[in-house]
Amino acid sequence: MHTSIRIICLLSFTFGMIACGSSKGAEEPATAATSGGDTAQYEGPIAATDVAHGKEVFDNFCGDCHPDGGEDDGPSLIDKPHTPARLRQQIREGSGKMRPFPEKRLSAANVELILAWLASVNAVK
Ligand code: HEC
C-alpha cells in the first residue's frame, strides 16, 4: 500500500500534474493539446534511450510531413517542447491533417523510440 502511493506521487510529479507539491503543471497551457483530449492515459516516462534508432523510426513514420523534425506538411517540432504524454496523444490520436497512428501501425516500442529522438531536438519537456 505504502509503495503504490509513492509511485502515484512520483508519476504525478514527473508529468507535471498538480499533486504532491509539484507546480510544474502550471506550464502546461502554453502548448495546449490541439486535439483537446485528456492526456492522463498516455503518461509515463520515455521508455527508450536509443536516439539513433529513434531517428530511423521517426524518418520512416513521421519524416514525410516533419522532415528531420522540421516543417513540411506538418509543423516543425524542433524546439517546441511537449510533454511525453502530449506527444503520445498526438501520435495515437492525430489532429487536423495528421492521421492517428494506431498500435497496429506503430508499436508502443517505436513510439518510445520516436520520443527518445524528439527529446534530442528539444521537442520534449
Ligand atoms: C501526413 C503528414 C503527417 C505525418 C505522417 C505526421 N504528422 Fe505530425 N503533424 C502533421 C500536421 C498537419 C500537424 C498539425 C496538426 C494540426 O493542425 O492539428 C502535425 C502536428 C504534430 C505535432 C504537434 C506539433 C505542435 O507543436 O503542435 C506533433 C508533436 C507531431 N505532429 C508529431 C508527429 C510524429 C511523432 C509523427 C510520426 C509518428 C507525425 N507527427 C507524423 C502532419 C503529419
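Reader: Why is N122 called partly exposed?

Author: N122 has 13 other C-beta atoms within 10 Å of its own, and a residue is buried with 20 or more such neighbours, exposed with 12 or fewer, and partly exposed in between, the C-beta atoms being placed from the backbone, so N122 is partly exposed. The model is a predicted one, in which local features need pLDDT of at least 70 and side-chain atom pairs count only at pLDDT 80 or more, while totals for chains, interfaces and linings use all residues. Residues are numbered from 1 along each chain as its sequence is written.

Reader: Where does N122 lie, and what is its phi?

Author: N122 lies in the segment after α4, and its phi is positive, about 55 degrees, although N122 is not a glycine. Phi of D68, also in a residue other than glycine, is positive and near 55 degrees.

Reader: What makes D68 partly exposed, and where is D68 found?

Author: D68 has 14 C-beta neighbours inside 10 Å, so it counts as partly exposed. Its place is the loop between α2 (51–61) and α3.

Reader: How do you know how E103 counts, as buried or exposed?

Author: The number of C-beta neighbours inside 10 Å is 10 for E103, so this residue counts as exposed.

Reader: How many helices and strands does the protein chain have?

Author: The protein chain has four helices and zero strands (DSSP runs, H or I of at least four residues for helices and E of at least two for strands, numbered from the N terminus). From the N terminus on, the order is therefore written α-α-α-α. Of the 125 residues of the chain, 26% count as buried.

Reader: Why is α3 said to be largely enclosed by the rest of the structure?

Author: Eight of the ten residues of α3 are buried, so the helix is described as largely enclosed. The buried residues are P84, A85, R86, L87, R88, Q89, Q90 and I91, and the buried residues of α3 pack against α4. After the helix comes G94, whose phi is positive, near 65 degrees.

Reader: At what angle do the axes of α3 and α4 cross, and what makes α3 oblique to α4?

Author: The axes of α3 (residues 84–93) and α4 (residues 108–120) come within 11 Å and cross at roughly 125 degrees (lines fitted to C-alpha atoms over the stretch in contact, with angles from 0 to 180 degrees between N-to-C directions). That makes α3 oblique to α4, because angles under 35 degrees count as roughly parallel, over 145 as roughly antiparallel, 65 to 115 as roughly perpendicular and the rest as oblique.

Reader: Which residues in α3 and α4 meet?

Author: P84, L87, R88 and I91 in α3 meet V111, L115 and L118 in α4, a contact being C-beta atoms, placed from the backbone, within 7 Å. By class, this contact has six nonpolar, no polar and one charged residues (Ala, Val, Leu, Ile, Met, Phe, Trp, Tyr, Cys and Pro are nonpolar, Asp, Glu, Lys and Arg charged, the others, Gly among them, polar).

Reader: Which residues come nearest to the ligand?

Author: Of the 22 residues around the ligand, C62, C65, G74, G96 and M98 come nearest, where a residue is near if its C-beta atom, placed from the backbone, lies within 6 Å. The shell has eleven nonpolar, seven polar and four charged residues, and α3 gives the most to it, with three residues.

Notes:
Contact = placed C-beta atoms within 7 Å.
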